[in-house]
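Reader: I would like to go through this model feature by feature. Where do we begin?

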Amino acid sequence: MLSRRECFEWGVGTVLARALRAKAIPVKIGVTDWNLRLECKLEAVGLAHKLGFDGVEISIGVGTESLPLADRAMQQQYVEEARRLKFPIPSTCLNILHRNVLKADKLAQRWVAESIPITRSVGARVILLPFFGKGALKTHEEMDYVADYLREIAPEAEKAQVILALEDTCSAEDNVRMVERARSKAVLVYYDIGNSTNQGYDVIKEIRWLGKDRIGEFHLKDNPGFMGQGKIDVPGVVDAIADIGFSGWAHLETSSPTKSVENDMAVNLKYTRGVFAARERKG
């Protein structure tokens, strides 16, 4: 039989062992400027910081002759604001690809090329390339066309240490097919759990299959309601993200059920952080 002292020491040891097994998940929670209703506006940095996010994903903007964020003075404003608040801008969104689609519009190739130095200049690492609506990739021919262009431009992204991340309505398998065809470590998947769920894909299975090395960033959402109140198994998603060892950014791209952006974002952030914290405690 154990003495009282031995029982105490055994109990403390068990608690310490459990604490050591509980590992912090190296994922930072950001937010998209467009869901703050501040697309391509400097004020998004301050609002994201005020709400308690870890960073903000910003839009490059939609222009005619040039991209709005191509303006050097505007870039400097973002850099100075991020520095003042000690608040990172981890990624940008090339949202003009909703208008000039990469699968069919040569002008889109120019925008992708120009987005690389812009993203580098504001201190971001990932460029979200969207493929939705008329730009959705529906055939392997369209996917191959995009992947072949990305293979051409990828060396520029590699030099700038920037990731070109595909966000689309394709399956994980088709995304990997494009990534492998591009033949570059600078081309990855931008995984959106809401979009993939709406397409009927098993997001937990896809995240585990993709693994950490194929994913640039995540979008987390459970729209049109609050996180955790829709059809997505958010704790299961967080488990999958933790289990693959992903280390990077997951941005909330959540809607505002009550029409109050600040209040609803705060609710979604609190819930999401709570799910990650619960997973950390579980170890």
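Author: We begin with strand pairing: two strands pair if DSSP finds at least two bridges between them. The model is a predicted one.

Reader: How many strands form the closed barrel, and in what order do they run?

Author: The barrel has 8 strands in the order S1-S2-S3-S4-S5-S6-S7-S8, and the pairing is parallel. From one strand to the next, the twist averages 30°.

Reader: Which strands does S8 pair with?

Author: Strand S1 (residues 27-32) is joined to S8 by 5 bridges, and the two run parallel. Val 31 stands opposite Leu 252 in that pairing. S7 also pairs with S8 in the parallel sense, over 3 bridges, and there Phe 218 faces Ala 250.

Reader: Is S8 mostly covered or mostly open?

Author: S8 is mostly covered, with 5 of its 5 residues buried.

Reader: What joins S2 to S3?

Author: Strand S2 (residues 55-59) and strand S3 (residues 91-93) run parallel and are joined by 3 bridges. Ser 59 is opposite Cys 93 in S3.

Reader: Now the helices. Which strands does helix H5 lie across?

Author: Helix H5 (residues 140-160) lies across strand S4 (126-130), strand S5 (163-167) and strand S6 (187-192), at about 140° to S5. Helix H8 (residues 203-210) also packs on the sheet, where it touches S6 and strand S7 (215-220); the direction of H8 makes about 160° with that of S6.

Reader: How should I read the nonpolar cores?

Author: A core is a set of buried nonpolar residues joined through side-chain atoms within 4.5 Å. In this model the largest one has 85 residues, and those with the most contacts inside it are Leu 36, Leu 94, Leu 129, Leu 150 and Leu 220. H5 gives the most to this core, contributing 9 residues. A second, separate core has 7 residues, including Cys 93, Val 126, Ala 165 and Tyr 190.

Reader: Which residues does Leu 220 touch beyond four places away in sequence?

Author: Among them are Ile 193, Met 227, Val 237, Ile 241, Ala 250, Leu 252 and Phe 276. The contacts of Leu 220 also include His 251, Glu 253, Thr 254 and Thr 272.

Reader: What describes a pair of aromatic rings?

Author: The distance of the centres and the angle of the planes describe such a pair. The whole structure holds 2 aromatic pairs. One of them is Tyr 191 with Phe 218, edge-to-face, at 6.2 Å centre to centre and with 70° between the planes. Tyr 191 lies in strand S6 and Phe 218 in strand S7, so this pair ties together parts 27 residues apart in sequence.

Reader: And what is the geometry of Phe 218 with Phe 246?

Author: Their ring centres are 4.9 Å apart and the planes stand at 85°, so this pair is edge-to-face. Phe 246 is in the loop between helix H9 (234-243) and strand S8 (248-252), 28 residues from Phe 218.

Reader: Where does Arg 214 lie relative to Trp 209?

Author: Arg 214 lies over the face of Trp 209, at 4.9 Å from the ring centre.

Reader: Last, how far is Ala 266 from Leu 51?

Author: They are 215 residues apart in sequence, but 6.2 Å apart in space, C-alpha to C-alpha. Ala 266 belongs to helix H10 (residues 261-282) and is partly exposed, with a relative accessible area of 35%.

Conventions
Residues numbered from 1 in each chain as written. Predicted model: local features only at pLDDT ≥ 70, side-chain atom pairs only at ≥ 80, totals over all residues. Heavy atoms only, no water. Helix = DSSP H or I, 4+ residues; strand = E, 2+ residues; numbered from the N terminus. Axes fitted to C-alpha atoms, helices over the stretch in contact; angles between N-to-C directions. Contact = heavy atoms within 4.5 Å. Buried < 20%, exposed > 50% of the residue type's maximum accessible area, 1.4 Å probe, protein only. Phe/Tyr/Trp six-rings, centres within 6.5 Å; stacked < 30°, edge-to-face > 60°. Lys NZ or Arg CZ within 6 Å of the ring centre and 35° of its normal.
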